[in-house]
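The chain is shown first, and the description follows.

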Amino acid sequence: MKQRVISGAVLTAFLAAIVVFDRIFPLALNIAVGLVSVAAVEELAKALDLQRKWFLYLPSLAAAAAAPFCESPYQFMMYCVYTLVLFSAMIVYHHETTFKEVGVLYSMVVLIPCALSTLVSLRELNRGHGMFYVLIAVLAAWVADVGAFFAGTLFGKHKLCPEISPKKTVEGALGGLVANVAVMLLCGLWFSAVFYQGQVAVNYLALFLIGFLGAPISILGDLSFSLIKRSCHIKDFGQVIPGHGGMLDRFDSVIFTAPFVYILVSFLPLAPV
């Protein structure tokens with residue numbers, strides 16, 4: 001528990017630093033997303049025992065690192081090149097690999113960096129307040145997870161999905177939802193009333209929807225990657241973050257919530273441009 005709390009505080013402080021220094025060093029967000037993407041793909045390749053197959057492993061790491069720095073349509077072009085390289089490697093080294101290995105790795109290298117790169121796209125949606133959007137997208141995943149953990153520990157009795165994640169409970173899920181809605185609304189209040197002293201209005205309807213819908217989407221992301229871990233017969237994707245596991249263990253829910261927040265705020269902006 002102590003390690004989990006300390007690691008969570010360090011991650012939150014790291015995110016806050018990126019938000020604070022965005023105007024001075026905007027590439028910090030791209031670099032952070034790139035590092036998380038590379039670490040996540042590396043953990044996945046290790047879980048699939050593909051690290052030794054350099055012809056799949058190295059192009060996948062390169063694509064994960066490049067994605068956050070490629071704006072549309074260049075990201076699409078980069079993935080076209082990655083597709084050609086990976087499937088060419090499969091043909092050349094067909095005696096050493098299988099389509100199943102290539103297919104799983106390819107789908108995850110497309111999913112993970114693309115989903116995490118929406119954090120960069122969120123910032124560009126509203127250059128004046130874009131980092132508030134990024135903060136909300138990450139917190140929508142993390143708060144739901146933390147709320148579910150504590151609510152489940154204190155009140156959990158009914159298992160949510162025992163065959164995939166035995167520790168998750170219905171009570172925990174409800175606690176995460178309530179915590180998520182409350183924190184999203186409080187973030188909006190702080191942003192408007194404290195940070196901008198009432199001079200900038202926020203869309204509380206959008207914040208409520210992010211909190212209310214973001215919680216189950218966060219759980220969906222968590223359960224999806226828990227299923228992947230079970231199929232790979234591992235408990236955690238790594239031990240990079242003490243008390244949490246690997247990067248994928250911490251960012252699996254963000255992979256699902258970030259695109260959702262991007263779509264929602266594209267129609268319901270959180271703040272005026």
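## Helices H7 and H8

Helix H7 passes helix H8 in a right-handed crossing. In this predicted model, H7 spans residues 170–195 and H8 spans residues 204–232, and their axes come within 8 Å of each other while crossing at roughly 150°.

On the H7 side, the contact is made by Ala 173, Gly 176, Leu 177, Asn 180, Val 181, Met 184, Leu 185, Gly 188, Leu 189 and Ser 192. The H8 side contributes Tyr 204, Leu 207, Phe 208, Ile 210, Gly 211, Phe 212, Gly 214, Ala 215 and Ile 219. Sorted by class, the residues of this contact between H7 and H8 comprise 13 nonpolar and six polar ones, with no charged residue among them.

## Helices H2 and H3

Helix H2, covering residues 27–47, packs with helix H3, covering residues 54–66, at an angle of about 155°, and the two axes lie 8 Å apart. An angle over 145 degrees counts as roughly antiparallel, and H2 and H3 are therefore roughly antiparallel to each other. Their crossing is right-handed.

From H2, the residues Gly 34, Ser 37, Val 38, Val 41, Glu 42 and Ala 45 take part, and they meet Tyr 57, Ser 60, Leu 61, Ala 64 and Ala 65 of H3. The contact of H2 with H3 divides into seven nonpolar residues, three polar residues and one charged residue.

H5 supplies Leu 119, Leu 122 and Arg 123 to the contact, whereas H6 supplies Gly 130, Met 131, Tyr 133, Val 134, Ala 137 and Val 138. By class, the contact of H5 with H6 holds seven nonpolar residues, one polar residue and one charged residue.

Leu 135 is also placed in helix H6. Its C-alpha atom is separated by 9.6 Å from that of Arg 123, a residue twelve positions away along the chain. When residues up to four places away in sequence are not counted, Leu 135 touches Leu 15 and Val 19.

## The strand hairpin

Strand S1, made of residues 159–161, pairs with strand S2, made of residues 165–169, in the antiparallel sense over two bridges. The two strands S1 and S2 form a hairpin with three residues between them, and Lys 159 has Thr 169 in S2 as its bridge partner.

## Confidence of the model

Over the protein chain, the mean pLDDT is 87, and 90% of the residues reach 70 or more. Confidence is lowest in helix H1 (residues 2–20), where the mean is 63, and highest in H3, where the mean is 94.

How values were computed
Residues numbered from 1 in each chain as written. Predicted model: local features only at pLDDT ≥ 70, side-chain atom pairs only at ≥ 80, totals over all residues. Heavy atoms only, no water. Axes fitted to C-alpha atoms, helices over the stretch in contact; angles between N-to-C directions. Helix = DSSP H or I, 4+ residues; strand = E, 2+ residues; numbered from the N terminus. Parallel < 35°, antiparallel > 145°, perpendicular 65-115°, else oblique. Left-handed = near helix turned anticlockwise from the far one by under 90°. Contact = heavy atoms within 4.5 Å. Nonpolar A, V, L, I, M, F, W, Y, C, P; charged D, E, K, R; others polar. Pairing = 2+ DSSP bridges. pLDDT = per-residue confidence, 0-100.
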